Every structure is written in C-alpha cells, then in structure tokens.
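Here is a friendly walk through the fold, meant to be read with the model open beside you. Please keep the viewer at hand and follow along.

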Amino acid sequence: MIRSSVMPGYLLAVLLLTALTQVGGLVLLSGLPLMHLIRATSVWQQRLWRGLAFLLVYLLSAIAIVPALAQLGGRVPLPCVANKASPLQPANFGYCLLMRNYVTPETHAHLLRIAQQFRQAHPDSTVRYLDANFPFWNGFPLLPHLSHKDGRKVDLAFFYQRKDTQTPVDFSPAWLGYWFYEQPPSHKEATCQDKQSWLRWDFAWLQPRYAAYEIDATRTRSLLQLLANDAQKILLEPHLQARLGVQATNLKFQGCRAARHDDHIHAQW
Ligand SMILES: [Zn+2]
C-alpha cells in the first residue's frame, strides 16, 4: 500500500519520466509493487534500494523490452555505439538511455546510408545525432521539439574544430550537442534580431564555455550536402546556409517563432 503522503512525489516522477522518456513513467508505475516489497531499517536506505530497483527495471525495459515492442509499432532505435558498419552514434549516450533515439525503419536506412557515405569521405569522423523520436505512438511529441512525433525527424550535431589550431575534433563541445550557437558574422544577418520568441533560447551565459571551439565548415558542409541530396526537408539558419555555401530547395529556415537551428541541423524524411 502506498501512503497518500508520498503520492504527489510519485505523480511528479511519473509526469517527469513521461515527458523525458515517454515510457519511463509507465515503467515506474508497473515497478511500484516490486519496489514496495523492499524494506530497510532506515528510510534513506529503503529509498536507495527502491531507487536502484527502479533503475534496474528501467534499464531492462530500455535495453530489452522497448526495442522489441517498438519494432512491432514501426520504430527502431538508432545505433548507440558507432562501429565500422554503422558509423553513427549519439552526441551524448543519454539520448539512448532516455529512449529518444527511435525512428522509422526507412529513416534509419536513410541516415545510416548518409553516415556511411560521410565516413568514406572523412574516415576519422562520426556522424552524431541528437534528439530523434520516442519509441511509440505517432502524434506524441518529443519535447521540446513539437514536430518530432512521427519517427521521421532527427537532429544532427555540427562538426567542430579547435579555434586556435583549426584541428578537427570528433566530439561535440556542448555536453548535449545543443546550445553552442553559431553567431552570424554581422548584426545585419541576424534574421531574428528584433523578433523575440520564448521558443528561441539564447543561453548567452553558456557560450563562453565553448570559446576554444568553432564549427568545422568543411565537414559540416559535407554532411549538409549529403542530407540535401537525400532528405525531404532540412532546417538551418540562413546565415549558416550562406556561410556553408549549400543551397537546395529542401534546405529551409524554420522562422523566428520556433527553436533555432544555429546549433544543430534538423533533418526529416
Ligand atoms: Zn529537429
């Protein structure tokens, strides 16, 4: 029996896990009877053991149960670790742990082919994805990306190099791959300068952390060209389209009242 005083805590955890991982809230609810079999002498010990039991059930679900069920509904996970055959991986392993790496089999095939073509041109580099989609249910958005709800949308990280030596690096300086914004070369090219929107985050305080790095135009252009030849639609800020010198009818600007695309590429099929 769960005491009514702990119910708001569980409710909050279920809501948070659902928003973050889609099925984590359900995993918590179904694991509650098991967790409440665990008794310990102190409250903190009991919470620790119950928390570990939840983590175990969650990991088991994420690794074994969810991928099998998602496949029945037409979604498959993108690779979590790159290898020779699948040179594609998340910018942060958390995207896999939170089950935010699901796509349709068609999108999986498109992206894998692009990653393989990219690896042929740049043998030491790996295409890195960010948020994709959740495992189930067309129409369930992966917040904060409202359009990532049909298994056909994937965000991809830029490539970077060290600013002082122009040495390419094979990782994203930003922890999540997002929020390291490429500024336009002049104020005139800042398309959304006077059009503020709560969806267009700034995080100016975060930018000095990445001062040692800059976008690697050569490899990012290479990825963008492969996407332009394959994807149905790509989103990127206009000043980056101009700087990278890629023009295509499927390469578009998302507008000022949407999440900005000067820290990643959005692609859809
Ligand atoms: Zn996106």
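Tyr160 has Ile215 in S8 as its bridge partner. Strand S6 (residues 160–162) and S8 are joined by three bridges and run antiparallel. Strands here are DSSP runs of E with at least two residues, helices are runs of H or I with at least four, and both are numbered from the N terminus. Two strands count as paired if DSSP finds at least two bridges between them.

The open sheet has three strands, in the order S7-S6-S8, with antiparallel pairing. Strand S7 (168–169) and S8 are its edge strands, each pairing on one side only.

## Ground rules

This is a predicted model, in which local features need pLDDT of at least 70 and side-chain atom pairs count only at pLDDT 80 or more, while totals for chains, interfaces and linings use all residues. Residues are numbered from 1 along each chain as its sequence is written, and side-chain values use heavy atoms, leaving out hydrogens and water.

## The zinc site

Which residues coordinate the zinc ion? They are His148 (NE2), Asp155 (OD) and His266 (ND1), at 2.1 to 2.2 Å. Donors are N, O and S atoms within 2.8 Å of the metal (3.2 Å for Na, K and Ca); water is not among the atoms, so sites may look incomplete.

The donor spacing in sequence is H-x6-D-x110-H. Asp155 in strand S5 (residues 153–157) and His266 in strand S11 (residues 264–268) link distant parts of the chain, 111 residues apart. Both Asp155 and His266 are buried, a term for under 20% relative accessible area, with exposed meaning over 50% and partly exposed in between (1.4 Å probe, protein chains only).

## The nonpolar cores

The largest nonpolar core has 40 residues, of which Val154, Leu156, Leu223, Leu227 and Ile265 touch the most other members. Such a core is a set of buried Ala, Val, Leu, Ile, Met, Phe, Trp, Tyr and Cys residues joined through side-chain atoms within 4.5 Å. Apart from it lies another core, of 16 residues, including Val14 and Phe54.

## Helix H2

In helix H2 (residues 24–35), the buried residues include Val27, Leu28 and Leu32.
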